[in-house]
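Open the model in your viewer and follow the stops below in order. Each one says what to select and what is there.

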Amino acid sequence: MPPMNDNDFPPLTTEQFREFRDYIHDKSGIFMDDYKTESLRTAVNTLMRQRDILDYDVYFRLLTHEIHGDDEFKRLLDLVTVNETCFFRNPGQFDALRQVVLPDILRAKEEIGDRTLRIWSAGCSTGEEPYSLAMTLLETLPKPEEWRIDILATDVSTHVLSEAQKGCYRKRALRETPAYYVRKYFKKMDDESFCIDRGVREMVSFSYHNLVTERYPALVLGGWDLIFCRNVTIYFQLESVRKVMNDFYMGLRDGGYLFIGHAESLYKINDEFIPMHLGSAYVYKKDTKALINDLGEAKAGICYVDFAAAKSVRPQAASRPAERARFRREEDKTGLYAMAYEHFIKEDFGLAAREAAKLTRIDPDNVDAHVLLANIYVNQGRADRAMKEVSVVLDLQPMSTKGHYLLGLIREKQGQLDEAVREFKRVLYIDRSFALAHVNLANIYRTRHMATDAVKEYNSAIAGLAQNPRGEWADFAGGFLEDVLIEICKRNLAQLA
Ligand SMILES: C[S@@+](CC[C@H](N)C(=O)[O-])C[C@H]1O[C@@H](n2cnc3c(N)ncnc32)[C@H](O)[C@@H]1O
């Protein structure tokens with residue numbers, strides 16, 4: 001009998017998990033922490049089932065096979081990559097692009113009579129990012145038809161690339177898209193999907209490219225004006241991030257810009273880029289002249305431009321002496337938070353705590369910083385310290401869902417389950433969409449053998465996670481995305497049936 005479902009497969013042993021994990025890491029840069037054992041097993045089981053293989057070691061030999069291994073590895077990558085994205089994700093970055101970065105690039109190009117724009121969306125997933133870039137250019141360039149625009153979009157997952165080429169999306173993908181763009185650039189189809197305008201689609205070319213293992217041939221992958229690589233290296237180990245960012249630096253033309261995800265930073269990764277804080281976004285500029293002229297200052301600081309000022313000040317002035325006054329030290333509040341958060345995401349809790357604590361010292365009323373610090377301490381199992389931070393949060397903001405949720409977690413870890421239940425219920429009372437609280441309640445009910453209540457909570461969790469997949473709860477999900485959490489809830493439900 002061919003294997004039918006996950007129960008037909010044995011669990012992955014620690015050694016087997018590490019063997020798969022290390023192979024995936026070597027070949028893609030993606031690093032799967034131990035808590036991802038289950039999601040890796042699910043992915044591997046899916047492919048083993050398709051090949052009627054029941055033994056992990058046999059499957060591993062196929063995966064690493066000199067001839068057939070490459071295709072099989074691509075299939076595995078399709079299943080283990082995180083492809084979450086949407087149009088105009090992180091709108092602040094698109095504001096920065098329209099209001100400061102593009103005008104700066106255009107002016108530099110005009111000075112030398114160059115009418116080409118080369119843009120790379122690296123780790124483009126299903127295409128929302130490069131298409132958002134294309135639409136932004138159409139709306140920002142005074143005469144787009146006079147420019148030769150190349151937008152290259154690459155990814156390591158062949159599945160997302162083929163979806164991207166189709167250019168049709170569910171409504172959810174447009175959740176951050178201004179209505180004006182939806183009206184102008186999308187057509188609603190009979191099946192309720194939204195297909196992007198052909199002109200926009202033709203501005204983007206899609207291609208398979210692995211950022212970690214493949215070289216970036218200068219001719220094809222060089223001379224970029226703009227590189228977007230957002231929410232990709234977040235899953236990499238530090239060494240791979242360094243390699244990728246250094247390659248980007250080499251690949252950008254002087255004066256070009258790099259955009260990375262808002263939870264990512266180049267701190268301790270690359271100190272050649274000039275960080276710029278534009279409105280609510282961080283962007284990084286390659287500006288060799290600024291580096292040479294003002295090495296110490298430029299490297300140690302963050303350049304600030306607010307949009308109001310940017311309208312009257314030439315944006316390029318960010319690297320000029322007058323604008324130098326805007327450079328501030330890296331211990332800026334936003335920068336510190338970004339650094340602390342980045343360490344937290346990478347589960348480097350010691351460093352994360354250090355940066356977050358520094359921030360609470362210079363800005364004692366910063367609720368986000370206290371929440372982050374409490375979350376770090378919870379993850380480290382330091383209940384006393386976590387409790388102290390949570391008290392500060394709830395003093396500052398008595399109705400903070402995050403504060404009450406953290407308090408619930410601390411109580412749960414201390415075995416004070418009645419108190420934990422009370423806090424999780426309070427969270428849901430304040431914010432019904434905080435789906436993770438349903439999962440905690442369900443787990444507690446399950447351990448208390450209260451099956452009916454547990455089933456009710458798991459069902460509410462599944463509905464809530466599907467409805468609000470990127471809610472406030474995500475910071476507490478230990479890197480799990482909603483699909484994995486839903487899967488876990490379903491399994492627990494099946495066990496309760
Ligand atoms: C979370 S999505 C980000 C999509 C988009 N950049 C955004 O921010 O909305 C991350 C993408 O990076 C891709 N990726 C992961 N490792 C990669 C690698 N080594 N080379 C190229 N792409 C990679 C994944 O397949 C996935 O589609």
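This is a predicted model. In general, the strands of a sheet pair through backbone hydrogen bonds, in a parallel or an antiparallel manner.

To see a facing pair, select Tyr169 together with Phe194 of strand 5: the two stand opposite each other.

Now move to the ligand. Which residues come nearest to the ligand? Select Thr81, Thr85, Gly123, Ser125 and Arg230: of the 24 residues around the ligand, these come nearest. Colour the shell by residue type and you will find eight nonpolar, eleven polar and five charged residues.

Then colour residues 6–80 as domain 1 and 91–329 as domain 2. Why does the ligand lie between them? Both domains give residues to the shell around the ligand, so the ligand lies between the two.

Finish by showing the whole protein. In secondary structure, the protein has 23 helices and twelve strands. Of its 497 residues, 41% count as buried. Among contacts between residues at least 6 apart in sequence, 67% join residues at least 24 apart.

Definitions and conventions:
Residues are numbered from 1 along each chain as its sequence is written. This is a predicted model: local features need pLDDT of at least 70, side-chain atom pairs count only at pLDDT 80 or more; totals for chains, interfaces and linings use all residues. A residue is near a molecule or strand if its C-beta atom, placed from the backbone, lies within 6 Å of it. Ala, Val, Leu, Ile, Met, Phe, Trp, Tyr, Cys and Pro count as nonpolar, Asp, Glu, Lys and Arg as charged, and the others, Gly among them, as polar. Domain bounds come from an automatic or database domain assignment. Two strands pair if DSSP finds at least two bridges between them. Helices (H or I, at least four residues) and strands (E, at least two) are DSSP runs, numbered from the N terminus. A residue is buried if 20 or more other C-beta atoms lie within 10 Å of its own, exposed if 12 or fewer, and partly exposed in between; C-beta atoms are placed from the backbone. Two residues are in contact if their C-beta atoms, placed from the backbone, lie within 7 Å.
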